[in-house]
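Have a look at the picture, then work through each task before you read its solution.

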Amino acid sequence: MNTETHSRNVKGILFYLAVLAAAIVLMISGTTMTAFAGKYENVTVKGGHAGPASTGWLQNADGTWNYLASGSALKSQWQEIGGNWYYFNHDGLMLTGWQDLTQRYYFSSEGKMQKGWQNIDGVDYYFAEDGDTTHSVGALYVNEATPDGNKVDATGAKVDPARPNPTGYANCVEVSIGEQSMYCYRDNQLVLSSPCVTGRLGAHDTTQGVHRIQAKQLNRVLRGTNDNGTPYASPVKYWMPFYNGEGLHDASWRSNFGGAIYTTGGSHGCVNLPTDIAAQLYNLVYVGMPVVVHA
């Protein structure tokens, strides 16, 4: 074996060991991101025309994006591109917004996986950062303390530890239309909070005032009439009516809560909650418990 051949073999072995070491580090860190070969540059395919050797971002006619590696779109995988992590679905499309993968993640409108504290639709959420030994990088923290000592609820929303009970009732449910948030207090202690969606602004506003839980029922079908005169029938698992057909309940047909949703996509007057929050609330409230709805 000549010196040149020997040198190539040694370099090949060293490269293999380096790749193997990187994979082991990723496994030890607990991250769910697969170590796909290499990092890609944040470049766009020139002229928008893909060839067999093209590598870079390619925008489709409908505005969605693919990333090509040697002419082939990345599919069903995580990929680090230009220092940011992205996820591409089985069709090779870059994902944005909330996504339930192995865990819950949030991607910006540019597809970048978010880390740290992020304000989304007016609600603060925390996503695991680099070096986190308990969560995969980018995973949403839920119902636990964050590394900086704050708390998040079962939806991942930040809980204000200093929030006082402003209602005057030691045991009650508070619904803030302005905050689009629901709070439940027991013995003046905040025990549950969540973003919600109240009645559509100006058309089906949730009635303000002090009401009472009138009943607790499981697996109901809520029926009514849409603005166009057509009937609707919405099955819910947890129904807690409090005033004239308005109530607290799960809304499995919604993927997002809070923010400004209620201004154009609000309910017919009920307080819509994530299913897991409605389940917890159902076990905390009792018939006759005050429900305080305010602006």
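Two residues are in contact when they have heavy atoms within 4.5 Å. This is a predicted model, in which local features need pLDDT of at least 70 and side-chain atom pairs count only at pLDDT 80 or more, while totals for chains, interfaces and linings use all residues. Residues are numbered from 1 along each chain as its sequence is written, and side-chain values use heavy atoms, with hydrogens and water left out.

**Exercise 1.** Find the residues that UniProt lists for "active site", and describe how they lie in space.

Step 1: The unreviewed UniProt entry lists His249 and Cys270. UniProt positions are given in the numbering used here, feature names are shortened, and annotations may be inferred rather than shown by experiment.

Step 2: The two are spread over 22 residues of sequence, yet they cluster in space, with a largest C-alpha distance of 7.5 Å.

**Exercise 2.** Is His249 buried or exposed, and which residues does it touch?

Step 1: Locate His249 in strand E19 (residues 246–250). Strands (E, at least two residues) and helices (H or I, at least four) are DSSP runs, numbered from the N terminus.

Step 2: His249 counts as buried because its relative accessible area is 3%; buried means under 20%, exposed over 50%, and partly exposed in between (1.4 Å probe, protein chains only).

Step 3: Not counting residues up to four places away in sequence, His249 touches several residues, including Trp239, Cys270, Asn272 and Leu273.

**Exercise 3.** Describe the largest nonpolar core.

Step 1: Such a core is a set of buried Ala, Val, Leu, Ile, Met, Phe, Trp, Tyr and Cys residues joined through side-chain atoms within 4.5 Å.

Step 2: The largest one has 28 residues, and Val173, Met182, Leu248, Leu273 and Leu281 have the most contacts inside it.

Step 3: Among the elements that each supply at least two of its residues are strand E18 (231–243) and helix H3 (275–284). The largest share, five residues, comes from H3.

Step 4: Leu273 touches His249 as well as Met182, Leu248 and Leu281, among others.
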